[in-house]
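Open the model in your viewer and keep the sequence panel beside it. We will go stop by stop, with something to select at each.

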Amino acid sequence: MRTLRFLPLVLWALGSVPGARALDYVTDILPIFDAKCFDCHSKREGVSKGSLQLDNLADMEEFYIGPYASMKPGKPGESDLVRYISDPADPDTMPPKGKGERLTAAEINLVKSWLAEGAKVHPEKPGPAVAGTVSPDFHSWRNADGREIKARFAGLSGQKVDLLLANGVKYSYPLEKLDPASQALARELAAR
Ligand code: HEC
């Protein structure tokens, strides 16, 4: 099921570890999926079995990565994805039985590490391109479920509000899923 999730605090809390190179989804993980999963899950190849496209980063972030999604930031052990790729006997095993080459143990470990590091797909750093449009202040944002995060306001486009977390990750969040006060704040900041 495609559930929208609110901004996982864990992602936000995970700063970069000095000295350790964080795994990069595009350069470290996607090539593995490209070789073994793109026949069925790729925007580039124009296929989306189970509506999953592993190279559609915006979609990945919105629907497949999150506390209730199949890729749980910080929790490889609880992520369905890990079960699918690790256990050939699982009914949902990926690739499906007899339908492609399985990931090696080393590749599975890389995927687990990427999840453990927060499952980021495209952290967007505030750079010169957005400077000036991003408000320098951190505001508290609350969603309709009462969860709160601190983030900078980076714009309101259509019905989505762009929020920039302290670690540079940018989120587009549906305006109507914010509580009324946060919706009002987004409109007020957009009007400035
Ligand atoms: C031969 C085609 C095929 C290949 C190759 C394949 N998959 Fe799948 N995948 C499917 C199909 C079909 C589904 C939908 C299953 C369902 O809905 O019951 C699916 C579903 C999934 C899902 C669940 C999506 C959701 O809704 O949460 C994940 C995650 C996944 N695949 C990951 C992978 C990964 C990672 C690989 C590579 C190791 C891979 N798949 C390779 C066919 C494939």
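Among contacts in the chain between residues at least 6 apart in sequence, what percentage join residues at least 24 apart? The figure is 53%. Keep in mind that this is a predicted model.

**The whole chain**

Colour by secondary structure. The chain has six helices and six strands. Follow the sequence and the pattern reads α-α-β-β-α-α-α-β-β-β-β-α. Now colour by burial. Of the 192 residues, 27% count as buried.

**The largest nonpolar core**

Select Ile65, Met71 and Trp114. Within the largest nonpolar core, which has 16 residues, these three touch the most other members. Next, show the helices α2 (25-36), α3 (57-64), α4 (80-86) and α5 (105-116); each gives two or more residues to this core. The largest share, three residues, comes from α5.

Stay on Ile65. Leaving out residues up to four places away in sequence, Ile65 touches Met60, Met71, Pro73, Ala119 and Val121.

**A second core**

Select Val161, Leu165, Val169 and Tyr173. They are among the 14 residues of a second, separate core.

**Alanine 119**

Go back to one of the contacts of Ile65, Ala119. Ala119 is found in the loop between α5 and β3. Check its backbone: phi is positive, about 50 degrees, although the residue is not a glycine. Is Ala119 buried or exposed? Ala119 is buried, because 29 other C-beta atoms lie within 10 Å.

Zoom in on Met94 and Pro95. The peptide bond from Met94 to Pro95 is cis, with omega near -10 degrees. Pro95 lies in the loop between α4 and α5.

**Serine 51**

Select Ser51, in the loop between β2 (47-48) and α3. Ser51 also has a positive phi without being a glycine; the value is near 55 degrees. Ser51 is exposed, because 11 other C-beta atoms lie within 10 Å.

Select residues 138-142, strand β3, and residues 148-157, strand β4. The two strands run antiparallel and are joined by five bridges. Find Trp141: it stands opposite Ile149 in β4. Then move to the turn. Five residues sit between the strands of this hairpin, and Gly146 takes a positive phi near 90 degrees.

**Lysine 170**

For the last stop, select Lys170, in strand β6 (residues 170-174). Why does Lys170 count as buried? Because Lys170 has 20 C-beta neighbours inside 10 Å. The cut-off for burial is 20 or more. Finish with a distance label between the C-alpha atoms of Lys170 and Phe153: the separation is 9.7 Å, and the two residues are 17 apart along the chain.

Definitions and conventions:
Residues numbered from 1 in each chain as written. Predicted model: local features only at pLDDT ≥ 70, side-chain atom pairs only at ≥ 80, totals over all residues. Core = buried A, V, L, I, M, F, W, Y, C linked by C-beta atoms within 7 Å. Buried ≥ 20, exposed ≤ 12 C-beta atoms within 10 Å, placed from the backbone. Helix = DSSP H or I, 4+ residues; strand = E, 2+ residues; numbered from the N terminus. Contact = placed C-beta atoms within 7 Å. Pairing = 2+ DSSP bridges.
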